[in-house]
Structure formats: C-alpha cells, structure tokens
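Here is a walk through one structure, helix by helix. Keep the model open and follow the contacts as they come up.

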Amino acid sequence: EAVHTHTFHYIVESLGLDERAVFNMYHEVNSIHDKDAFEMSLTADIMDPNFSTETDEGIKKFIKNLVGFYVIMEGIFFYSGFVMILSFKNRNLMTGIGEQFEYILRDESIHLSFGIELINSIINENKHLWTDDFKQEILDMVEQAVELEIGYAQDCLPDGIIGLNVGMFRDYVQYIADRRL
C-alpha cells in the first residue's frame, strides 16, 4: 500500500499539481464525488458497531459490502483509472508513471482475486442466501457502478484522446464488470 501513496505523491509532484486541489476534486467534481459517495454507501454496514454476521441478513450485508469493496472499487473503479494511464504508457507517454501503475495494477489484481475468492467462499457456505433476488441486488450495484464510472470517463475524456474515447471506455468498463460478475 505504501507504493500507492508514493505513486500518488510522485505523480502530483512530477506534474506540478497542487495536492490539495487534487484531493478537493472529491468535493468539486460531481463524478468523483458520486463514485466516492456510492462506494462509501456500499461499505458502510461493516462500520456500524452493531454489525454482525450472525444472521442471514447480516451475511447478505457482508457479501454486499465485500462486493462494494473488492468487485466495484478494486475491480472496476481502479481498473478503469489504470486504463487511462496505461494507454499513455503504451504510446510511450508518461512511461515512468505508467510503470508504477503496472505495479499497482498487479497489487490490485491480487486484492481482487482474494476478494472474489472470499465472496464465493461465503456464498458457497450459505447457498440458501444466493437467491435470484439477491443476485439481482448485486447486479444492480454493479450496473450502477458502471454508469458512475462512465460518467467519470466523460469528465476525464470529454473529447477523448488518441486511442481512447468515452465510447471505448464504456465498452471497456462493461467488459471489466462482466468479468467480475
């Protein structure tokens, strides 16, 4: 995780960006704010001091929180951000930052694999909870995440860049989400 922090600071510093302005984007750019608020709502249950997995409802909340963290944040939101930077690296632009993102991508891939394995293990231990309605709840969460991520791409790439535009980004995010599901 230290690599993530170092990379963020390196990027901000090397591009001459104001660190406070970058962090402030969580409040000023609607698509970033919306993604953050959505993610926080998906993982809020486990922060409740009364949260428990001793009931079926508690286990379902836990699964939804895990999907929010591992599948959506680590597996969709992170990956779509990576593709923008890595598209530059593939054209020999921003190669140092692109290389650092490759290391982070490897790390996040391990987190994602662990999370999906954990979710599947809990579902296998509680097959009675994996109903059509619950599957639909998970699908709805992922579909909402995809739309939020596409809104983010529209803010980042309003006119596209060489080799990447919003339409391609939509296809990519949908593909990534399908793989996670």
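**Helix packing around H6**

In H4, the residues Lys60, Ile63, Lys64, Val67, Gly68, Val71, Ile72, Ile76, Phe77, Ser80, Gly81 and Met84 meet a set in H6: Phe134, Glu137, Ile138, Met141, Val142, Ala145, Glu149, Tyr152, Ala153 and Cys156. By class, this contact of H4 with H6 has 15 nonpolar, three polar and four charged residues. The model is predicted.

Now take the geometry. Two packed helices are described by the angle between their axes and the distance between the axes. Helix H4 covers residues 56-89, and its axis comes within 10 Å of the axis of H6. The two cross at roughly 25°. Angles under 35 degrees count as roughly parallel. H4 is therefore roughly parallel to H6. The crossing of H4 and H6 is right-handed.

H6 also meets H7. H6 takes in residues 132-156, and H7 takes in residues 166-180. Their axes come within 10 Å and cross at roughly 155°. That makes H6 roughly antiparallel to H7. H6 passes H7 in a right-handed crossing. From H6, the contact uses Val142, Val146, Glu147, Glu149, Ile150, Ala153 and Gln154. From H7 come Val166, Phe169, Arg170, Val173, Gln174 and Ala177. Sorted by class, the contact of H6 with H7 has eight nonpolar, two polar and three charged residues.

Look along H6 itself. How far apart are its end C-alpha atoms? They are 36 Å apart. H6 has 25 residues, and at 1.5 Å a residue they should span 36 Å, so the two values agree.

Which residues of H6 are buried? They are Phe134, Ile138, Met141, Val142, Ala145, Val146, Leu148, Glu149, Ile150, Gly151, Tyr152 and Ala153. The buried residues of H6 pack against H3 (30-42), H4 and H7. Glu149 is on the buried list. Glu149 is also in the contact of H4 with H6, and it takes part in the contact with H7.

Lysine 135 and leucine 181 are 46 residues apart in sequence. In space, their C-alpha atoms are 10.0 Å apart.

Move to H3, where lysine 35 is found. Is lysine 35 buried or exposed? Its relative accessible area is 12%, so lysine 35 is buried. Set aside the neighbours within four places in sequence. Lysine 35 is then in contact with Phe77, Leu148, Glu149 and Tyr152. Leu148, Glu149 and Tyr152 are among the buried residues of H6. Phe77 belongs to the H4 side of the contact with H6.

H3 has another partner in H2. The axes of H2 and H3 come within 6 Å and cross at roughly 75°. H2 and H3 are therefore roughly perpendicular to each other. Met25, Tyr26 and Glu28 in H2 meet Asn30, Ile32, His33 and Asp36 in H3. The residues of this contact of H2 with H3 divide into three nonpolar, two polar and two charged.

Glutamate 19 lies in H2, which spans residues 19-28. With a relative accessible area of 33%, glutamate 19 is partly exposed. Leaving aside neighbours within four places in sequence, glutamate 19 is in contact with Phe8, His9 and Val12. Arginine 170 lies 151 residues from glutamate 19 along the chain. The C-alpha atoms of this pair are separated by 29 Å. Arg170 is one of the H7 residues in the contact with H6.

**The loop between H4 and H5**

Finish with backbone angles. Asparagine 92 lies in the loop between H4 and H5 (95-125). Its phi is near 60°, a positive value in a residue other than glycine. Asparagine 92 counts as exposed because its relative accessibility is 66%.

Methionine 94 has its place in the loop between H4 and H5 too. Methionine 94 has a positive phi of about 50°, although it is not a glycine.

Key:
Residues are numbered from 1 along each chain as its sequence is written. This is a predicted model: local features need pLDDT of at least 70, side-chain atom pairs count only at pLDDT 80 or more; totals for chains, interfaces and linings use all residues. Side-chain values use heavy atoms; hydrogens and water are left out. Axes are lines fitted to C-alpha atoms, for helices over the stretch in contact, and angles run from 0 to 180 degrees between N-to-C directions. Helices (H or I, at least four residues) and strands (E, at least two) are DSSP runs, numbered from the N terminus. Angles under 35 degrees count as roughly parallel, over 145 as roughly antiparallel, 65 to 115 as roughly perpendicular and the rest as oblique. A crossing is left-handed if the near helix is turned anticlockwise from the far one by less than a right angle, and right-handed if clockwise. Contact means heavy atoms within 4.5 Å. Ala, Val, Leu, Ile, Met, Phe, Trp, Tyr, Cys and Pro count as nonpolar, Asp, Glu, Lys and Arg as charged, and the others, Gly among them, as polar. The expected span of a helix is 1.5 Å times one less than its number of residues. Buried means under 20% relative accessible area, exposed over 50%, partly exposed in between (1.4 Å probe, protein chains only).
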